[in-house]
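Subject: Structure handover

Hello,

Here is the structure I said I would pass on. Please open it first, and then read the notes below it.

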Amino acid sequence: MAYFGTDQSQVGRYLSGKSLAEIRRGFLVTGLIKVPMQLFILSLGLLLLVRMHLSTEPLWHNPAVASAWSQMPESEQLNSKWAAVQHSRAQATTAPESPERRAELVALRAEQQKLKSEAAEVVARRAPDLETKDVDYVFLGWALNNMPVGLLGLLLAVIMAGAMSSSSAEINALAATSLIDF
């Protein structure tokens with residue numbers, strides 16, 4: 001409802017329609033495109049979550065932090081602990097479903113978070129200019145390591161086109177408002 005009722009691009013589309021029938025047709029076409037596209041995006045995120053849950057997760061998704069981390073003296077000890085937790089998690093993931101298995105996975109996740117925060121403290125102390133919150137790098141790291149070069153280039157082109165589209169819409173809205181107001 002927020003997208004179709006209050007989004008500037010949608011409201012602009014409704015207000016610029018020549019007739020009520022054209023506005024309704026535009027709303028229907030947008031709905032037929034937007035809903036499957038949103039389901040695809042959410043499914044992609046869910047598949048990425050499942051893949052990360054079933055595979056060995058790296059300690060750092062951000063390549064800059066991973067590179068700096070490999071040269072820190074504390075990294076060896078924390079990396080071995082991280083690898084042990086990842087190995088235990090992989091075994092627990094493939095075990096039959098039971099309350100004990102769930103409890104073990106929760107405990108392993110807590111241990112993972114503890115190790116991650118310890119590593120983040122070390123990185124913050126040794127390289128304060130690096131961003132240790134690397135959740136924004138999960139998809140990027142997956143794309144760089146697993147996508148074919150052609151698809152990766154297409155993905156980057158889509159991201160750039162989306163950014164340019166958003167920027168041009170904002171500039172257009174600013175220009176139209178400025179022209180009308182002044």
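Which helix gives the largest share of the lining of the largest pocket? H6 does, with 7 residues. Before the rest, some ground rules.

This is a predicted model, so local features need pLDDT of at least 70, side-chain atom pairs count only at pLDDT 80 or more, and totals for chains, interfaces and linings use all residues. Residues are numbered from 1 along each chain as its sequence is written, and side-chain values use heavy atoms, with hydrogens and water left out.

Confidence

pLDDT is the predictor's confidence in each residue, from 0 to 100. Its mean over the protein is 86, and 97% of the residues reach 70 or more. Helices here are DSSP runs (H or I, at least four residues), numbered from the N terminus.

Pockets

A pocket is an open set of points with protein on both sides within 12 Å along at least five of seven lines, while a cavity is a set where a 1.4 Å probe fits but cannot get out. Lining residues have an atom within 4 Å of a point. Points are joined across faces, edges and corners, and a volume is the space filled by probe spheres set on the points.

The largest pocket holds about 520 Å³ of space. Its lining has 24 residues, and Glu57, His61, Arg109, Gln112 and Val138 lie nearest the centre. Helix H3 (20-54), helix H5 (75-94) and helix H6 (99-126) each supply at least two of the lining residues. By class, the lining has 11 nonpolar, 7 polar and 6 charged residues. For these classes, Ala, Val, Leu, Ile, Met, Phe, Trp, Tyr, Cys and Pro are nonpolar, Asp, Glu, Lys and Arg are charged, and the others, Gly among them, are polar.

The second largest pocket has about 440 Å³ of space. It is lined by 12 residues, with Gln8, Ser9, Ser165, Ser166 and Ala169 nearest its centre. Helix H2 (8-15), H3 and helix H8 (149-181) each supply at least two residues of this lining, and H8 gives the most, with 7. The classes here are 4 nonpolar, 6 polar and 2 charged.

Cavity

How many cavities of 30 Å³ or more are there? The count comes to 1. The largest cavity has about 30 Å³ of space and is lined by His53, Leu54, Ser55, Thr56, Gln86, Arg89, Ala90 and Thr93. H3 and H5 are the elements that give two or more residues to this lining. H5 gives the most, with 4 residues. The lining divides into 2 nonpolar, 5 polar and 1 charged.

Core

A nonpolar core is a set of buried Ala, Val, Leu, Ile, Met, Phe, Trp, Tyr and Cys residues joined through side-chain atoms within 4.5 Å. Buried means under 20% relative accessible area, with a 1.4 Å probe and protein chains only. The largest nonpolar core has 17 residues, of which Leu59, Trp60, Trp69, Met72, Ala119 and Val123 touch the most other members. Helix H4 (63-69), H5 and H6 each give two or more residues to this core, and H6 gives the most, with 7. In soluble globular proteins, nonpolar side chains tend to be buried together.

Single residues

Contact means heavy atoms within 4.5 Å, and the contacts below leave out residues up to four places away in sequence. Tryptophan 69 touches Leu59, Trp60, Glu74, Ser75, Leu78, Asn79, Ala119, Val122 and Val123.

Is serine 75 buried or exposed? Serine 75, found in helix H5, counts as buried because its relative accessible area is 5%. It touches Trp69 and Ser70.

Leucine 108 is in helix H6 and is buried, at 11% relative accessibility. Its contacts are Val85, Ser88, Arg89 and Ala92. Leucine 108 and valine 85 are 23 residues apart in sequence but 6.5 Å apart in space, C-alpha to C-alpha.

Alanine 143 lies in helix H7 (residues 138-146) and is buried, at 1% relative accessibility. It touches Leu152 and Leu155. Between alanine 143 and leucine 155 there are 8.9 Å in space, C-alpha to C-alpha, and they are 12 residues apart in sequence.

Regards

Methods: Buried < 20%, exposed > 50% of the residue type's maximum accessible area, 1.4 Å probe, protein only.
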